[in-house]
Amino acid sequence: MHCKKILNIALSLTGIFQLVLFVGLRGLSLTAPLELLTVLAQVGTWHCRRGLRDAGSSLCRTEGVRALWKGNLTACLRLCPYSALQLAASRRLVTLFMDELGHISHWRAIMAGSLAGMVATTVTYPSDVVKTRLIVQNRLEPSYQGILHAFDKIYHQEGLRALYRGVSPAILGAVPFSAGSFFVYTSLDTIWQEPIVRFTPLQNFVNGCVAAAVAQTLSFPFETVKRKMQAQSPWLPHYGGVDVHFTGMADCFRQTVKHKGVLGLWRGLTPSLLKIVPYFGVMFSTFEFCKRVCLYRNGYIQSPLNYKLTPGVDQSLHPQELRELKLLRRENFKPRKSALEN
């Protein structure tokens with residue numbers, strides 16, 4: 001019975017992961033031009049000197065329409081290992097952060113998710129560097145012929161440390177991202193004036209959008225510095241097209257503020273929000289719906305369309321297992337006749 005329960009849960013989680021991965025791959029491909037404009041604005045290449053409105057058109061004129069999807073294949077290939085590592089680390093950390101009764105607070109849950117994101121980011125970070133390099137290069141006169149060539153060339157020309165250049169602001173950016181997410185999620189019941197468990201799919205979509213907008217805005221300066229550090233290289237034409245020159249993370253913050261102003265740290269935020277806000281809204285609402293289906297299949301709720309708990313039910317078991325357990329309990333706890341009655 002327990003093996004059957006574990007198998008059902010594993011299949012449900014696998015289905016959720018596959019669905020979320022499918023949605024993520026489609027979302028990355030559809031929003032790839034917005035990601036490209038964000039990276040170009042953060043790095044400060046010549047395409048964005050007249051603003052983001054003309055950046056896309058100038059890029060298409062010089063490199064063709066296909067240039068809008070530069071680096072998208074790298075992002076898609078990175079999504080699967082990143083998601084798998086994040087999910088595995090998150091489940092492990094949530095278990096560690098639980099108390100003796102198996103409860104976990106919102107803050108600890110968000111911290112577990114943030115730490116899991118740090119783990120996944122660190123392990124898959126070289127692919128993010130390669131994606132940035134492929135985006136900033138000229139497609140007609142490329143420095144890298146593809147993903148594997150970029151890995152090999154960066155490693156042999158600049159060393160292993162170049163593949164992790166900018167990882168510090170990427171990790172530090174998780175702190176304001178977590179703070180923004182925590183602020184939103186702890187305020188949801190107050191905003192909607194009802195318990196979180198009663199939220200509709202539309203409310204979950206809005207919640208994901210708001211959380212992503214707040215968290216991304218707070219962490220965007222670290223994202224900007226990360227992109228500049230990834231792109232800058234003496235082996236690339238015009239030093240990778242970066243609009244400021246620096247020697248490290250702190251100097252990158254200083255030089256950006258000095259030459260571009262404080263708002264220069266948020267340059268490219270608009271296309272980033274246009275990409276990430278609906279993306280997280282769809283991901284969050286899809287995850288919440290799949291979670292309800294998963295819980296329903298394991299006897300936790302009466303319907304996958306609500307969170308209403310089934311009274312008096314062991315909610316970790318499958319409905320068929322619950323019926324078997326009830327029959328077993330009835331047999332074990334039937335009143336026995338005493339010796340005097342016999």
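How are H4 and H5 oriented to each other? In this predicted model, H4 and H5 pack at an angle of about 160 degrees, and because angles over 145 degrees count as roughly antiparallel, H4 and H5 are roughly antiparallel to each other.

**Helix packing**

Two packed helices are described by the angle between their axes and by the distance between the axes.

- Helix H4, which covers residues 72–97, and helix H5, which covers residues 106–136, have their axes 7 Å apart, and the crossing of these two helices is right-handed. By class, the contact of H4 with H5 has 17 nonpolar, eight polar and four charged residues.
- H5 also packs with helix H8, residues 174–185, at an angle of about 150 degrees and with the axes 10 Å apart. Since an angle over 145 degrees counts as roughly antiparallel, H5 and H8 are roughly antiparallel to each other, and H5 passes H8 in a right-handed crossing.
- On the H5 side of that contact are His106, Trp107, Ile110, Ser114 and Met118, which meet Ala174, Ser178, Ser181, Phe182 and Tyr185 in H8. By class, this contact of H5 with H8 has six nonpolar, four polar and no charged residues.
- H10 and H11 pack at an angle of about 105 degrees, with their axes 10 Å apart, and because angles of 65 to 115 degrees count as roughly perpendicular, these two helices are roughly perpendicular to each other.
- Pro221, Phe222, Val225, Lys228 and Met229 of H10 make the contact together with Met249, Cys252, Phe253 and Thr256 of H11. The residues of the contact of H10 with H11 divide into seven nonpolar, one polar and one charged.

- Leaving aside its neighbours within four places in sequence, Ala231 is in contact with Val43, Thr132, Arg133, Val136, Leu236, Tyr239, Gly240 and Val242. The C-alpha atoms of Ala231 and Leu134 are separated by 9.3 Å, although these residues are 97 residues apart along the chain.
- The phi angle of His238 is near 55 degrees, a positive value in a residue other than glycine, and His238 counts as exposed because its relative accessibility is 72%, where the limit for exposed is over 50%.
- Tyr239, one of the residues in contact with Ala231, lies in the loop between H10 and H11. Its phi is near 60 degrees, which is again a positive value in a residue other than glycine, and, with a relative accessible area of 37%, Tyr239 is partly exposed.

- Leaving aside its neighbours within four places in sequence, Lys275 is in contact with Leu28, Thr31, Leu34 and Glu35.

**Cysteines and disulfides**

- A disulfide is a covalent bond between the sulfur atoms of two cysteines. With a pair of cysteine sulfur atoms within 2.5 Å taken as the criterion, the count for this model comes to zero disulfides.
- Cys60 counts as partly exposed, at 25% relative accessibility, whereas Cys252 is buried, with a relative accessible area of 0%. Cys252 is also one of the H11 residues that make the contact with H10.

Key. Residues numbered from 1 in each chain as written. Predicted model: local features only at pLDDT ≥ 70, side-chain atom pairs only at ≥ 80, totals over all residues. Heavy atoms only, no water. Axes fitted to C-alpha atoms, helices over the stretch in contact; angles between N-to-C directions. Helix = DSSP H or I, 4+ residues; strand = E, 2+ residues; numbered from the N terminus. Parallel < 35°, antiparallel > 145°, perpendicular 65-115°, else oblique. Left-handed = near helix turned anticlockwise from the far one by under 90°. Nonpolar A, V, L, I, M, F, W, Y, C, P; charged D, E, K, R; others polar. Buried < 20%, exposed > 50% of the residue type's maximum accessible area, 1.4 Å probe, protein only. Contact = heavy atoms within 4.5 Å.
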